[in-house]
Amino acid sequence: MLAIPRAAMSSTLSFRCSHGRLSPVALGGLLLSVTLLLLALRACVPSAVTIIDVSDSIAASGRGWTYDPNTHVFIITGNVTITGTTESNRIVVAPGSKVRNITLSDTNIDTSGIDEACAFNIAGAMVNLTLVGTNTLKSGMGKAGLGVPSGSTLTIGGVGSLAVTGGPSNTPVGPSRIPRLPGAGAGIGGDGFLSAITGGNITIDSGTVNAVGGSGGGAGIGGGRNGASGNIVINGGVINAVGDEGGAGIGGGLHAKGERGSIIISGGTVNAQGGALYTVGGAGIGGGGYAQGENKIVISGGIVSATGANSGAGIGGGIRGNGGDITIDGGTVNAFGGNRAGGAGIGAGSEGGGGNIVINGGTVNATGGSGGGGGAGIGGGDFVGGGGNIVITGGSVSANGGEGAAGVGGGFGGGSGSITITGNADVNAAGGGNSRDSCGAGIGSGGSVKSLAAAPPDPPEGVITINTTGVVNAIGGTFVDNKGVPHSCTDIGQGC
């Protein structure tokens with residue numbers, strides 16, 4: 001509230017008069033008083049909120065927006081509230097360095113019937129998006145449901161919900177994996193094309209967000225087909241993210257290329273599911289299938305559940321993808337590798353190495369997938385996936401290997417890598433057995449692949465160091481050979 005000076009108030013009551021007319025002094029005081037009073041009244045009246053009803057299709061403009069009936073586009077240049085339902089109109093936020101505050105209030109924009117039509121695009125802009133009520137965004141072929149490409153910044157908050165679906169690729173796909181043009185878009189993030197379109201900067205603070213990647217390789221949140229994740233931060237809310245046909249739930253799209261991204265989770269409830277296509281799979285959180293480049297993943301809080309598809313890791317790489325750099329400092333983490341060709345629970349996808357994995361705290365449950373061979377609970381993926389560099393300094397960790405894989409260390413046929421358990425960590429690790437007469441160590445390497453035709457030699461073992469004040473329980477896997485004789489593998493060390 002604007003305070004009027006006492007001197008100005010008194011001048012409205014006392015004027016000096018000369019021959020029946022106000023003197024210049026009195027007139028000046030009166031004008032000053034009126035001006036201050038108007039300013040005070042203006043400060044007390046709230047500014048009007050600009051509301052856009054997307055069902056309107058009349059050429060018009062208002063404060064903070066214009067509408068073009070030829071392109072069916074609302075161009076946003078200011079702070080607005082958007083409501084209504086449409087299957088033709090769409091939203092484009094004008095690029096610029098000024099943050100736009102936009103509210104979605106019971107908004108339904110479905111342009112899925114229009115090729116290459118993005119329901120809501122913020123390319124090159126900075127947007128604070130507040131969710132009120134129930135909101136839905138669905139885009140047409142090749143486009144992200146909510147377009148946030150590289151160079152854009154989106155922050156989502158509020159108490160409402162948002163369901164968003166990326167646009168599909170435009171042709172069927174078969175075992176030959178013929179590229180679709182354009183590729184599928186992410187639910188939230190980048191479009192999908194042959195060229196890499198990396199996702200932008202995406203932050204979720206609150207609200208309920210359900211994001212589904214477009215059919216043909218889009219991530220739920222992150223990159224479209226061929227696109228890397230960008231930078232994703234989750235501080236709160238309820239997030240359900242599902243990739244499609246090799247896209248990660250949260251992370252990169254199928255065949256992602258481009259700059260390495262980061263995924264940081266400090267709170268909220270996060271459920272992420274990678275997408276499946278034949279034997280191809282994306283990670284729940286991390287890389288898409290056949291991705292080039294790795295993600296940096298940090299989890300410090302919240303409740304996180306991540307499931308890889310087919311050959312993808314729960315958290316880490318998609319098929320043939322290494323784990324990247326994964327750090328868990330807190331929270332509750334449940335991670336499951338895919339079950340077609342086993343990905344690690346935390347670490348690599350099938351045929352990938354574990355990467356750099358550090359666990360400093362939290363409650364971590366990691367289970368490797370199985371599929372003739374398996375991924376480690378924590379470490380390498382199926383088929384000669386080495387454990388990488390694994391450091392556990394704290395928290396409560398449970399790790400179960402898939403078929404023939406270590407609980408902590410190598411996938412089926414993979415070496416242990418470097419494993420260090422120190423501090424006050426509590427670790428329970430169980431290796432997995434399989435039908436190929438081999439099994440993984442509880443902590444160490446995966447089982448031998450010598451039963452396979454043209455199998456590679458057993459990989460060299462790394463260094464395993466255990467020096468913790470906590471409790472470590474390691475149990476090697478078991479199998480029954482073709483003569484009915486049971487066998488048990490080493491608890492800590494070499495698989496068999």
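## Surface and overall make-up

Accessible areas here come from the Shrake-Rupley method with a 1.4 Å probe, and for residues only the protein chains shown count as cover. By that method, the protein chain has an accessible surface of about 19,000 Å², and carbon and sulfur atoms hold 56% of that surface. Please keep in mind that this is a predicted model, in which local features need pLDDT of at least 70 and side-chain atom pairs count only at pLDDT 80 or more, while totals for chains, interfaces and linings use all residues. Residues are numbered from 1 along each chain as its sequence is written, and side-chain values use heavy atoms, with hydrogens and water left out.

What is the chain built from? There are two helices and 47 strands in the protein chain. Helices (H or I, at least four residues) and strands (E, at least two) are DSSP runs, numbered from the N terminus. Of the 496 residues, 52% are buried; buried means under 20% relative accessible area, exposed means over 50%, and partly exposed lies in between (1.4 Å probe, protein chains only). A contact means heavy atoms within 4.5 Å. Among contacts between residues at least 6 apart in sequence, 74% join residues at least 24 apart.

## How confident is the prediction?

The predictor's confidence in each residue is called pLDDT and runs from 0 to 100. Its average over the protein chain is 85, and 83% of the residues score at least 70. Residues 1-22 have a pLDDT below 50, and this stretch makes 23 contacts in the model beyond near neighbours in sequence. Residues 173-179 also have a pLDDT below 50, with 13 contacts in the model beyond near neighbours in sequence. Where pLDDT is low, the predicted coordinates should not be read in detail.

## A cluster of rings

A pair of aromatic rings is described by the distance of the centres and the angle of the planes. Rings of Phe, Tyr and Trp (its six-membered ring) pair if their centres lie within 6.5 Å; planes under 30 degrees apart count as stacked, over 60 as edge-to-face and the rest as tilted. How many aromatic pairs does the structure hold? It holds two. In one of them, the ring centres of W65 and F74 are 5.9 Å apart and the planes stand at 50 degrees, so this pair is tilted. The rings of Y67 and F74 have centres 4.5 Å apart and planes at 45 degrees, so they are tilted too.

Together, ring pairs link W65, Y67 and F74 into a cluster. Are these residues buried or exposed? W65 is buried at 13% relative accessible area, Y67 is buried at 7%, and F74 is buried at 3%.

## Residues in loops

H72 sits in the loop between β5 (65-68) and β6 (73-76). Its phi is near 60 degrees, a positive value in a residue other than glycine, and H72 is partly exposed with a relative accessible area of 30%. N310 has a phi near 50 degrees, again a positive value in a residue other than glycine. You can find N310 in the loop between β29 (303-307) and β30 (315-316), where N310 counts as buried at 16% relative accessibility.

Now look at T50, in the loop between α2 (24-44) and β3 (51-53). T50 is buried, with a relative accessible area of 11%. A polar atom of its side chain lies 3.2 Å from the backbone oxygen of R63. Leaving aside neighbours within four places in sequence, T50 is in contact with R63, W65, N79, V80 and T81.

## Two salt bridges

A salt bridge is a side-chain nitrogen of Lys or Arg within 4 Å of a carboxyl oxygen of Asp or Glu. Searching the whole structure turns up two of them. One joins K143 and D191, whose closest N and O atoms are 3.2 Å apart. K143 is in the loop between β12 (134-138) and β13 (146-147) and D191 in the loop between β16 (188-189) and β17 (201-204), so the pair ties together parts that are 48 residues apart in sequence. Both K143 and D191 are buried.

R320 forms a salt bridge with E351, with the closest N and O atoms 3.4 Å apart. This pair links distant parts of the chain, 31 residues apart: R320 is in the loop between β30 and β31 (325-328), and E351 is in the loop between β33 (346-347) and β34 (356-359). E351 counts as partly exposed, at 40% relative accessibility.

Technical notes:
A polar contact is a pair of N or O atoms within 3.5 Å; within protein, one must be able to donate a hydrogen and the other to accept it, and residues adjacent in sequence count only if both atoms are side-chain atoms.
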